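Let's walk through this model together, one stop at a time. Keep the sequence and the 3D view open side by side as you read.

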Amino acid sequence: MKTIYLFIALCMTTFTNAQLKPVVYNDGNQKLNGFAAVPAKPNKNKPGILILPAWKGISNHSKEVAQELADLGYYAFIADIYGEGNYPANTQEAGKQAGYYKNNYEAYQKRISLALEQLIKSGAEADNIVMIGYCFGGTGVLEAARSGMPVRGVVSFHGGLGKDASRPDNIINTKVLVLHGADDPHVSEKEIEAFQKEMDNSKADWQMIYYSGAVHAFTEKEAGNDNSKGAAYNEKADKRSWQHFMLFLKEVLK
């Protein structure tokens, strides 16, 4: 009997993993390697979720998120921001790569836009999309909102919030949800205040939710559980932020 159950479990695992497919696309001569997760049973109106990964690029965590969303009936696509030949091998390289796109936000916005096109090509309805991002990717979804990308909402999980003060505060029409660790040492109070002022100036429909005891990277199990390092997994914050994300999807998607 146990053998039968094991066989069924293996079959289900194989079926699940088969849904996540590599997708090659390009930014000029730069080859990009994203991943698409197509639901076996799409939700009504074919909603899509674009996922912007953290500073080290596409990870097991972003793949798990894409798969879980596909299992829930959403089309999902994981963006490749850096491109083949530029993937960070360590945190120093990740910081350098992420820093480049933070400083060259128009290049970041372009890479996000190209990934959005791939999500639509995979089957998602162009007018029924939400964008989510983790850490560096959380910064990216805010850049998408600032640039006026045609998405119904953006969600930042423990992302950077700031932009250069010399940049104007443009009108933001998409809804914004920021999920933030209350003890995150990488986002200063000054940055938070500036972000909230920007959202108000931009006439954005925005929310910001804090999770007590959570620092940076609270959804990332690979970050360990030592808050003193400034980045650590927090199971309670991880689960709560996911539920807040699910509520947001129900509100903004058709």
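Start with K110 and D27, which form a salt bridge whose closest N and O atoms are 2.9 Å apart. K110 sits in helix α4 and D27 in strand β1 (residues 20–27), so this pair ties together parts that are 83 residues apart in sequence. A salt bridge here is a side-chain nitrogen of Lys or Arg within 4 Å of a carboxyl oxygen of Asp or Glu. Helices (H or I, at least four residues) and strands (E, at least two) are DSSP runs, numbered from the N terminus. K110 is partly exposed, at 46% relative accessible area, while D27 is buried, at 14%. Buried stands for under 20% relative accessible area, exposed for over 50%, and partly exposed for what lies in between (1.4 Å probe, protein chains only).

A word on the ground rules: this is a predicted model, in which local features need pLDDT of at least 70 and side-chain atom pairs count only at pLDDT 80 or more, while totals for chains, interfaces and linings use all residues. Residues are numbered from 1 along each chain as its sequence is written, and side-chain values use heavy atoms, with hydrogens and water left out.

Stay on helix α4 (residues 105–121) for a moment, as Y108 lies there too. Y108 is buried, with a relative accessible area of 1%. What does Y108 touch, not counting residues up to four places away in sequence? Its contacts (heavy atoms within 4.5 Å) are I81, Y101, F136, G137, T139 and G140.

How many salt bridges does a search of the whole structure find? The total is 11. In general, side chains of opposite charge can pair when their charged atoms come close. Another pair is D127 with K254, at 2.8 Å from N to O. D127 is in the loop between α4 and β5 (129–134) and K254 in the segment after α7 (235–252), so parts 127 residues apart in sequence are tied together. Both ends are partly exposed, D127 at 41% relative accessibility and K254 at 44%.

Next, look at E143 and R167, a salt bridge with its closest N and O atoms 2.9 Å apart. E143 belongs to helix α5 (residues 136–147) and R167 to the loop between β6 (153–157) and β7 (175–181), so the pair ties together parts 24 residues apart in sequence. E143 and R167 are both buried. Salt bridges with shared partners join E143, R146, R167 and E198 into one network.

Now for the backbone. Most residues other than glycine have a negative phi. N45, though, has a positive phi near 70°. N45 is in the loop between β2 (30–37) and β3 (48–52), and is partly exposed at 34% relative accessibility. K203 also has a positive phi, near 60°. K203 is found in the loop between α6 (189–201) and β8 (206–211), where it is exposed with a relative accessible area of 63%.

Finish on helix α2 (residues 60–71), which holds E64. E64 is exposed, at 53% relative accessibility.
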